[in-house]
Amino acid sequence: MDEVTRQNENKMGTEKMSKLIIVTGIPLMLSLLINSLYNFVDSVFVSRVSEDALTALSLASPVQILVSALGFGNAVGLNAVISKALGEGRSDRVKKAANAAIFIGLCSWILIAIMCILFVKPYFAWQSGGNETIAAYGREYLTVCMLFSFGQMGQWVFDRFVIASGKANLFLFTLSAASLTNLILDPIFIFGMFGVPRMETLGAAIATVIGQIVGMIAGIFINRRWNKEIPFSFSLHPDRECIWAILKVGIPSTMVQVLTSVVSIMMNSILLAFSTTAVAVYGVCVKIQSVVTVGVHGIDNGLIPIVAYNYGAGKRKRIDEAIKWTLIYSTILYVVFFIGLECVPGLVLRVFKASDYMLAIGIPALRILAVAYFVSIPNLVLAAALQGLSLGTKSMYLTVTRQAILPVVFALILRVFGILDFIWCAFILAELAGIPFAVYLWKKSRNSLELENSHQ
């Protein structure tokens, strides 16, 4: 085992877990925050255009989840595979896995571009409820975001390289480059400034993809310059075993996101029966959720490589300790946001220039959904732990159940009452029902892990 790998061993395998979890998680929180802020900031600015434009972005959101799913699945898979290879001291496999991840990212972008050409126009014809203004806003926004998504796919890959090698602090460079670019360009392109024509939702899309491309370029530079532990190059003939290893862990995460996208589309269809404003509220709540839960998701994503590393190094007790601290930190990080959403939901919604009608719908929705986000914490932690053990399929079963199947089932049941607030309660019921299933899956997996350990 070389000296560099020994240094990673000392940090990932021996450092005090209460510190390691938070040190690994903070950069990931920032990464997720920036990815969330792309859509969040777009929506804040676009809400100043019109409610139709805001509704268009809400309708585009499920498809953007689908696009992100391909990059996210690749990121989760490469993170687990590279971290485990580092823990095992297999530098040759690290390089092969890195090259395979870049190839998968390229293939993902090609697939997204094809999907854009074939499906964007009919999608908005179906989801806009016959409102051509909403459809037009949505088509131009989503077309640009999908056709130029290679920046997003690349950013997922190169950001996770530094996480997998234990250099998560390097995220600050790529995050700053991407976020500042998007934040600066958004008002310029949306409203038309400094000689640039007013482009509204099209401008929001252009600002977003430019920010993602800048982030990708920064990621390439940073990995070349400061992350020598993970050498990489582009190849049209990557190692098939590494591709499969990445996909084995990543596909379940991708499928979860795909099903989440489908659920969002179905929820939009249910909400359209109430009003287009209800759809706008749901879209805004999803974007608020993506921001207020970045702490939870960042800590959870940081748990994956830690579990993978210690599993590869044969340190089973540290896995249990990692889960304990992840639960503690996740709860602490969300409590402040939970209090804010419960106490001043109207203030949060006014960021999106909410009308009186939108406030009437949105205030109870935000309060109810804030409870659902709180209840989801143990489910999210245990799903991440399963991914770290390369049990992506079990993680997928859990997430699909609580995030895809149950919310739609409960919403379809509750809509017969014709009360909009009941629809939001479907998400709380889904998370509550998911907790015992999560505990069952983890205990079963942990017992198998102990049995395996006893034979070593």
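My entries on these pairs follow.

Entry one, on the ground rules. I am working with a predicted model, in which local features need pLDDT of at least 70 and side-chain atom pairs count only at pLDDT 80 or more, while totals for chains, interfaces and linings use all residues. Residues are numbered from 1 along each chain as its sequence is written, and side-chain values use heavy atoms, with hydrogens and water left out.

Entry two, on the count. I took a salt bridge to be a side-chain nitrogen of Lys or Arg within 4 Å of a carboxyl oxygen of Asp or Glu, and by this rule I noted four salt bridges.

I found R93 and E241 joined by a salt bridge, N to O at 3.5 Å. Because R93 belongs to helix 4 (residues 91-127) and E241 to helix 9 (residues 240-272), the pair ties together parts that are 148 residues apart in sequence. Helices here are DSSP runs of H or I with at least four residues, numbered from the N terminus. For exposure I used relative accessible area with a 1.4 Å probe and protein chains only: buried is under 20%, exposed is over 50%, and partly exposed lies in between. R93 is buried at 13%, whereas E241 is exposed at 53%.

I recorded a salt bridge between E431 and R402, with 2.7 Å between the closest N and O atoms. This pair links distant parts of the chain, 29 residues apart, with E431 in helix 17 (residues 420-454) and R402 in helix 16 (residues 392-414). Both E431 and R402 are buried.

Terms used: Helix = DSSP H or I, 4+ residues; strand = E, 2+ residues; numbered from the N terminus.
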